[in-house]
Amino acid sequence: MPTERAEQEPKSGSPTSDDANSYATENSRSKRKRQSQSCDACRARKVRCAREDPASEDSKQSCKHCIALGIPCTYAYQPKKRGPPNLYLRRLQEAAAAAAVVQGEIHDPTVLETSVSPISAHQALASPTVSPPLPKQGQSSYLEPLLTPIQTVTQNLPPSRYPIAADTFHKQYSPINSVPQNPFNVLREANGNMMLLQKTEDAQPYSSPESYGSFSAYNRSHQHHQPLSVLPPTAIPPLSYYYRPHRLEDVAPRDTIFLIIALFFDFVYPLTPCVHKPSFMADLQSHREERDPLFFALVMSMVASTLVQVPSSYLPMARSIVRKLAQMCCEASRHITIASYDPPTSMHVVTRYFDCVYHFCEGHDATQHAAFGEAAHIAITLRMHEEVSYEGLDPIESEVRRRTFWLLFGADKSMSILLGRPICLRDEDCTVHFPKELDDGYITPSAYLPQPHGRTAIVSGLNYISRIFALLGEILVRIRVDKRSPPQGQFATARLEEVQSLHSRILGALMHAPEPLRLKQTHQLDRLPAEYGGTGFRQATFAEVKDFFDNPKASRENALNPFLVMQANLYVTQQLVRFVIEQYRDELVTSLQGCIDDNRVAEDREAVASDLLNILHSIPIQSIATNGPSLVHKVRFVASTLLDTVRKADSAPASAARAHAFLWDFLSILSEIERNYLLDDDQDGT
């Protein structure tokens, strides 16, 4: 049949005579003109299309196969151009279409049928004649009211096996119809207008929480005063923007700053003598902060750390205002110092140490450790742990560095024992000498003047506490090493001898302390006064603590005595180190002998409890309270372990039980002290 034959002939590969003629015709014209495309049916069947005149451009001419099969012969297929696509032309077309939509020349967004790729979108943004893409629907921005009546462009990003940032990155949107400028010019223009100090706070009452400048992250008023055509949302000032001169009045009235600094030298300085008072006050009087941004940061950190270490009754403002001011000062210091690490200076170390104290009192644990880490490593960079690095320094710089390093050294050991952290500054790595026991007035830029005979320098307290912390560092290193590799046999015996030597050294650490640093009153365990405990003692002590923190007219005599304040820190820390050494000594004895004398252990615990209790009762409660939360943590560490030991013991002497009970009563008083240092809004805690 003709139909079957028509179907079989093409498949056999032997063309008909007409096909042969067409093939010959096509072959003869191959050098002049390519054969027209096949019809859709022949293309689908993958056979040669047999038209009467293959060279004809008549698209209505039917091929013989379609005629034989009785099907319509169509030529709807559009051949693709060979070779890679012309991306350059496509980008130009897409950019032109996007520009037409944005400018309102094309009101039908359906003309953009081609999806925009990340590359083409980026090049369209870079074109000087094309506006940036508009936000997607559902995506909010500060320009949303302006963009609502305009159609948006949808971007369909193809999935990628290895996604890159360009697949999900969307540039922020500039104002409509704005001509893109040089990005460096835009950044410079934005930096000149961003984060300007607002002067509106000068007209506000002093008690307003928002009246201390514009450094705080919680003061967002500057965001509403920037010209949109100049400051796009993505404009971020460089790190060096804040590293410029500032005035104290930008943060708080100058008289208020001076009041807080005076409180620092009265109450905080005896425990942290890390600045040279005469030169510091001279720089403050000469407005050095307006010439030296780093000095301004130092003042801000000093103010922040002071505000969280002095009772609120000392300050003529509400607790919420105090907390706001402290936070703002800390943030101002951070903004400035973040861009000034090179070259490092001792002022960086002091500033970060103040920040560490501030975050500790505020309960920002991770931030506190980060600030301490910066301070410690900048100190190491300056080689403040090596005595040789102090050659050639003037006396003031040399003593400030020594004092600051030993403050960091003690803080490192405190965090290690109280929080179980690794030691950062090890004693065997340090060759630096202790600070000279001279008051600041006898240290000049060119020489050391002699200390008056019989006058104890305030810095002597730092020297003695540093010796105690050095002993704590020695025992902590041995504990950590032995935990990783427990000593056996003769090595354990040798370690026990070392620990016994440390125990003797800690007991005699304050034996030669100057008279102002010695306790004035001691008691034996079997002669504890009856007034040490009971309801009457607690009520009287709580009343004194409340008066100290809340009454501006209360006596400050004991709190202003720097040696009484340092006594509390020295003797409580001594008992803490003694307790740690005795605990580890008992562990070594148990590992060597397999058992230990429980009665002797109980007696040692009783001695620690009694001595700690005597210390707390021998020092005025105001002097103890001035030490703040750091002293509370040390007492709590010892007392909690002692109380656990008593609970586990089958029996205990009556005197020991009484001493522990009194110590527990004192912990409630210390907790009240700690609570008063929290700058929260709740003042009704009990």
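**A tour by selection: helices, then cysteines**

Helix H12 is mostly covered, with 15 of its 15 residues buried. Keep in mind that the model is predicted.

Select H12 itself, residues 293–307. From first C-alpha to last, this helix of 15 residues reaches 21 Å. That is close to the 21 Å expected at 1.5 Å a residue.

Now go to the start of H12 and show the side chain of Asp-292. One of its oxygens reaches to within 3.1 Å of the backbone nitrogen of Leu-294.

Next, select helix H10 (residues 254–268) together with helix H11 (residues 277–285). The two pack at an angle of about 180°. Their axes lie 13 Å apart. How do H10 and H11 run relative to each other, parallel or antiparallel? Angles over 145 degrees count as roughly antiparallel, so H10 and H11 are roughly antiparallel.

From H10, show Arg-254, Phe-258, Ile-261 and Phe-265. From H11, show Lys-277, Phe-280, Met-281, Leu-284 and Gln-285, which the H10 residues meet.

Cys-66 is buried, at a relative accessible area of 1%.

Move on to Cys-361, which is in no disulfide either. Its nearest cysteine sulfur belongs to Cys-356, 9.5 Å away. Cys-361 is buried too, with a relative accessible area of 7%.

Definitions and conventions. Residues numbered from 1 in each chain as written. Predicted model: local features only at pLDDT ≥ 70, side-chain atom pairs only at ≥ 80, totals over all residues. Heavy atoms only, no water. Buried < 20%, exposed > 50% of the residue type's maximum accessible area, 1.4 Å probe, protein only. Disulfide = S-S within 2.5 Å. Helix = DSSP H or I, 4+ residues; strand = E, 2+ residues; numbered from the N terminus. Expected span 1.5 Å × (residues − 1). Polar contact = N/O pair within 3.5 Å; in protein donor to acceptor, adjacent residues only side chain to side chain. Axes fitted to C-alpha atoms, helices over the stretch in contact; angles between N-to-C directions. Parallel < 35°, antiparallel > 145°, perpendicular 65-115°, else oblique. Contact = heavy atoms within 4.5 Å.
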